[in-house]
Amino acid sequence: MAAKNLLLLFISLFLTVNLVSAQLRRNFYAGSCPNVEQIVRDAVQKKVQQTFTTIPATLRLYFHDCFVNGCDASVMIASTGNNKAEKDHPDNLSLAGDGFDTVIKAKQALDAVANCRNKVSCADILTIATRDVVNLAGGPRYEVELGRLDGLSSTAASVEGKLPQPTDDVNKLTSLFAKNGLSLNEMIALSGAHTLGFAHCTKVFNRIYSFNKTTQVDPTVNKAYVTELRASCPRNIDPRVAINMDPTTPRQFDNVYYKNLQQGKGLFTSDQDLFTDRRSKPTVDLWANNANLFNQAFVNSMIKLGRVGVKTGRNGNIRRDCGAFN
Ligand SMILES: *[C@@H]1O[C@H](CO)[C@@H](O)[C@H](O)[C@H]1NC(C)=O
Ligand SMILES: *[C@@H]1O[C@H](CO)[C@@H](O)[C@H](O)[C@H]1NC(C)=O
């Protein structure tokens, strides 16, 4: 009896997993818009040439989108009179307008091609654009799975508690990622996205000025880095001022993020703790010494991230305007 139930459980798990991945596939648009990837890439490349921020902003937008109710472009929806949308939750401070603009520009380029007009979801455009910015910053290029629909809801309330915070430790990070089916190693790999991008000074004040009642400075921060951070981020600084997440090679997608951690140069507690915690340290050391292994892990984790909460059938549609429901 028990064995039979177990078998049924296995079969149903297998079916669920299969259904979830079956809807996503490479070349999903081969019939409707065969040049989708080239069109998006050209638009992304043009925007990157105009402003470098496009790169970290798009990558972060993707992460925020996928972590709140799945990769369904719900993060792109603008608030209206009766709905405060995801993008207006206070955790959005790190979302620069350039990420949104990348998707809007790529959508415009697609809509200018007759057969592609309103055929590609905003969620898929963001997925392709994210792959492209990683590659344009010197990171690996990987094949993307496509076939997501755009979500039908976006609320600021749904963001609460879903996104990692700068002060999170490995326990907290692991549980947030586990909720999206991502493992400890996948969490460490996706944290590597902090090889690019910036953060607001106020997010690190606790580590350099007011760690706890008896100690001003977080003892895990490299001494020279403390001096550097205090110089860039004086106590009375404008809260909008931002600094690089990777102090060594901020514009390059590489494994230097992990080398920084080995030297106490992780910007957030949530970065540095990956090196402090004995469960994640071996992986940090491994990837600090082997860029190829990191690249592989990052690619696999991005593909897995792209499967989170995918909408199909009546749970989604293809938006005509990425910033508004049809
Ligand atoms: C973030 O939310 C605030 C309101 O909480 C809003 O004024 C701001 O435009 C939002 N930022 C982005 C990039 O959407
Ligand atoms: C403050 O942090 C230091 C360094 O981690 C630690 O040794 C000390 O016990 C902490 N003090 C308090 C009051 O938590």
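I began with phenylalanine 294, which at 0% relative accessibility counts as buried (under 20% relative accessible area is buried, over 50% exposed and anything in between partly exposed, with a 1.4 Å probe and protein chains only). Phenylalanine 294 forms a tilted aromatic pair with phenylalanine 298, 5.8 Å centre to centre and with 55° between the planes. Phenylalanine 298 is buried as well.

Before going on, I note that this is a predicted model, in which local features need pLDDT of at least 70 and side-chain atom pairs count only at pLDDT 80 or more, while totals for chains, interfaces and linings use all residues. Residues are numbered from 1 along each chain as its sequence is written, chains are lettered from A and ligands numbered from 1 in the order in which they are written, and side-chain values use heavy atoms, with hydrogens and water left out.

**Aromatic rings**

Helices here are DSSP runs of H or I with at least four residues, strands are runs of E with at least two, and both are numbered from the N terminus.

For ring pairs I used centres within 6.5 Å for Phe, Tyr and Trp (its six-membered ring), with planes under 30 degrees apart called stacked, over 60 edge-to-face and the rest tilted. By this rule the count comes to 12 aromatic pairs. One of them joins tryptophan 287 to phenylalanine 294, tilted, at 6.1 Å between centres and 50° between planes. Tryptophan 287 is itself buried, with a relative accessible area of 5%. I also see that ring pairs link Phe253, Tyr257, Tyr258, Trp287, Phe294 and Phe298 into a cluster.

Next I looked for charges over rings (NZ of Lys or CZ of Arg within 6 Å of the ring centre and within 35 degrees of the ring normal). The charged end of arginine 251 sits over the ring of phenylalanine 52, 4.2 Å from its centre, and lysine 87 lies over the face of phenylalanine 100, 4.5 Å from the ring centre.

**Ligands**

Lysine 87 and phenylalanine 100 came up again at ligand 1, which is surrounded by Lys87, Asp88, Asn92, Leu95 and Phe100 (a heavy atom within 4 Å). I found an oxygen atom of ligand 1 at 3.1 Å from a polar backbone atom of aspartate 88. Taken alone, ligand 1 exposes 360 Å², of which the protein buries 52%.

Around ligand 2 I listed Phe211, Asn212, Thr214, Thr215 and Pro219. An oxygen atom of ligand 2 lies 2.3 Å from a polar side-chain atom of asparagine 212, and a nitrogen atom of ligand 2 is 3.0 Å from an N or O atom in the side chain of threonine 214. The protein covers 41% of the 360 Å² of accessible area that ligand 2 has on its own.

Is threonine 127 buried or exposed? I find threonine 127 in helix H5 (residues 122-136), and threonine 127 is buried, with a relative accessible area of 5%. Threonine 167, by contrast, is exposed, with a relative accessible area of 51%, and lies in the loop between strand E1 (150-151) and helix H6 (170-178).

Technical notes
Polar contact = N/O pair within 3.5 Å; in protein donor to acceptor, adjacent residues only side chain to side chain. Areas by Shrake-Rupley, 256 points an atom, 1.4 Å probe, with all protein chains shown as cover.
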